[in-house]
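Here is a briefing on one protein model and its ligand. Look over the sequence and the structure, then read the points below.

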Amino acid sequence: MTSICPDFGICGGCTHQDISYEDELSLKEQAAFGLLTEAGVYGFLYLGIAGSPVTVGYKNKMEFAFGDGVKGGPLEVGIRKKGRYYEIVTPINCNIIDEDYKKILLFTLSFFRETGGSFYHKAAKTGTLRHLVVRKGVFTGEIMVNLVTTPSFAADLRAFAGGLAGLELDGGLSSVLHTTNASVADVVKSDMTALLYGRDFIYERLNRLRFKITPFSFFQTNSQAALVLYETALEFLGDITGAKVLDLYCGTGTISLFLSERARLVTGVEIVPEAVAAARENAALNNIENCEFICGDVSDMPTDGADAIILDPPREGLRPKAMAGLIKAAAGTIVYISCNPKTLARDLTELTQAGYVAEKLKLVDMFPRTAHVEAVVLLRRL
Ligand SMILES: C[S@@+](CC[C@H](N)C(=O)[O-])C[C@H]1O[C@@H](n2cnc3c(N)ncnc32)[C@H](O)[C@@H]1O
């Protein structure tokens with residue numbers, strides 16, 4: 001099969017554009033199984049891999065970078081070329097980003113080319129334009145654009161925001177922000193964020209729940225597949241009527257709020273204060289009173305007293321102290337959501353040795369065309 005994206009191989013965004021989606025799902029299954037069997041984890045009921053409900057234009061967030069197409073060429077904004085630091089593909093052919101993002105990118109590009117903008121060159125210490133972050137509530141259509149520059153960027157951005165507001169988009173522009181970032185690290189980070197248009201957040205809706213997304217809060221990047229992931233996790237938890245459930249690594253509390261409809265009390269634990277504040281706000285927004293959120297490191301949290309624990313750690317999986325706390329908690333049921341089969345295999349080995357049995361596993365593809373896949377595992381204490 002030939003690639004369905006002409007920039008495939010050059011653009012650093014995708015791993016799979018040259019095989020069918022069915023073949024991509026099989027490759028993901030094989031990779032995950034290889035790692036689990038290598039670590040000695042088997043004997044569970046495998047419920048297959050759920051493909052993403054949408055494979056085209058599914059990303060609800062993109063962090064685009066400014067650079068040039070070839071060294072010394074004109075300004076570009078988009079996705080970095082594979083193995084390149086400053087060279088960019090402007091992704092007008094991309095099939096995993098929303099069509100509105102392309103209109104926003106093309107407008108941004110012509111605006112800064114015309115006004116003489118230059119990209120931030122870390123080594124040469126020249127230029128000011130760093131990133132353009134675009135987010136869209138897939139179920140609400142609300143769009144947020146955040147221009148990230150160095151603090152030395154001094155131009156008046158009213159015409160930029162006005163131009164964005166005048167674009168004909170499928171969704172609606174709700175928020176334009178300007179963030180300054182002095183960090184030498186190539187990450188989107190805020191020293192200061194100013195509102196240029198609208199409000200400083202957007203809403204997303206998942207089933208009956210509404211979520212407020214702020215510029216730096218975590219939200220699963222594929223809203224439709226997030227629903228599949230959360231529904232799988234809920235199904236694995238089983239009957240939690242009257243139960244006390246811990247949601248470890250809870251982010252903005254999305255899973256906690258889903259669980260709250262059935263559990264007696266859900267306690268979410270998250271290390272990023274902004275995410276915890278958003279989780280509390282999201283609970284209030286949905287009139288949910290049986291969720292509480294604790295800001296802190298899971299490794300330092302008392303985990304005892306929970307009937308069931310759901311956890312969704314970052315790629316590194318569980319740190320030793322967090323694993324010790326989880327084992328000590330001795331909850332009857334654990335549902336482990338993982339975005340990294342490698343650390344999942346390591347952690348399942350340890351939980352198995354500590355008296356848990358992996359009963360069921362389902363893979364959920366949240367990231368079509370990339371190498372990543374999510375796994376949901378049900379563990380029971382013997
Ligand atoms: C994969 S995200 C989970 C998001 C959430 N479950 C959801 O679906 O939106 C992992 C979360 O763990 C948080 N985190 C990372 N290390 C942590 C730690 N040591 N203690 C508590 N939270 C942590 C991150 O800030 C992030 O929000």
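**Ligand site**

A backbone N or O atom of Val 298 sits 3.0 Å from a nitrogen atom of the ligand. Such a polar contact is a pair of N or O atoms within 3.5 Å; within protein, one must be able to donate a hydrogen and the other to accept it, and residues adjacent in sequence count only if both atoms are side-chain atoms. On its own the ligand exposes 610 Å², and the protein buries 87% of that. Accessible areas come from the Shrake-Rupley method with a 1.4 Å probe; for residues, only the protein chains shown count as cover.

This is a predicted model: local features need pLDDT of at least 70, side-chain atom pairs count only at pLDDT 80 or more, and totals for chains, interfaces and linings use all residues. Residues are numbered from 1 along each chain as its sequence is written, and side-chain values use heavy atoms, with hydrogens and water left out.

**More on the ligand**

- The ligand is surrounded by 17 residues. A residue counts as near if one of its heavy atoms lies within 4 Å.
- The closest are Gln 220, Tyr 230, Glu 270, Asp 297 and Asp 312.
- Asp 297 places a polar side-chain atom 2.9 Å from a ligand nitrogen atom.
- Ile 271 has a polar backbone atom 3.1 Å from a nitrogen atom of the ligand.

**The eight-stranded sheet**

- Eight strands make an open sheet with mixed pairing, in the order E1-E16-E17-E15-E14-E11-E12-E13. Strands (E, at least two residues) and helices (H or I, at least four) are DSSP runs, numbered from the N terminus. Two strands pair if DSSP finds at least two bridges between them.
- Strands E1 (45–50) and E13 (291–295) stand at the edges. Each has a single partner strand, so one side of each lacks a neighbour in the sheet.
- Neighbouring strands of this sheet are turned by 15° against each other on average, direction ignored. Axes are lines fitted to C-alpha atoms, for helices over the stretch in contact, and angles run from 0 to 180 degrees between N-to-C directions.
- E16 (residues 356–364) and E17 (residues 374–381) run antiparallel and are joined by eight bridges. Ala 358 stands opposite Leu 379 in E17.
- Helix H4 (residues 223–237) packs on the sheet. H4 touches E1, E14 (308–311), E15 (333–338), E16 and E17, and its direction makes about 160° with that of E16.

**Strand E15**

- E14 and E15 pair in the parallel sense over four bridges. Ile 309 is opposite Ile 334 in E15.
- Six of the six residues of E15 are buried, so the strand is largely enclosed by the rest of the structure. Buried means under 20% relative accessible area, exposed over 50%, partly exposed in between (1.4 Å probe, protein chains only).
- Thr 333, Val 335 and Ile 337 point one way from E15. Ile 334, Tyr 336 and Ser 338 point the other way.

- H6 lies across E12 (265–270) and E13, running at about 170° to E13.
- Ala 283 belongs to H6 (residues 273–285). Ala 283 counts as buried because its relative accessibility is 5%.
- Beyond four places in sequence, Ala 283 is in contact (heavy atoms within 4.5 Å) with Leu 257, Ile 288 and Phe 293.
- Asn 286 is in the loop between H6 and E13, and is buried at 16% relative accessible area.
- A polar side-chain atom of Asn 286 lies 2.8 Å from the backbone oxygen of Asn 282.
- Ser 299 lies in the loop between E13 and E14. Ser 299 touches Arg 319, Lys 321 and Ala 322, not counting residues up to four places away in sequence.

**The seven-stranded sheet**

- Seven strands form an open sheet in the order E4-E3-E2-E5-E6-E7-E8, with mixed pairing.
- E4 (88–89) and E8 (192–198) are the edge strands, each with a single partner strand.
- E7 (residues 172–180) and E8 pair in the antiparallel sense over six bridges. Ser 175 has Gly 198 in E8 as its bridge partner.
- Helix H3 (residues 158–165) packs on the sheet and touches E5, E6, E7 and E8.
- Helix H2 (residues 99–114) lies across E2 (61–68), E3 (75–80), E5 (129–136) and E6 (142–149), running at about 155° to E5.
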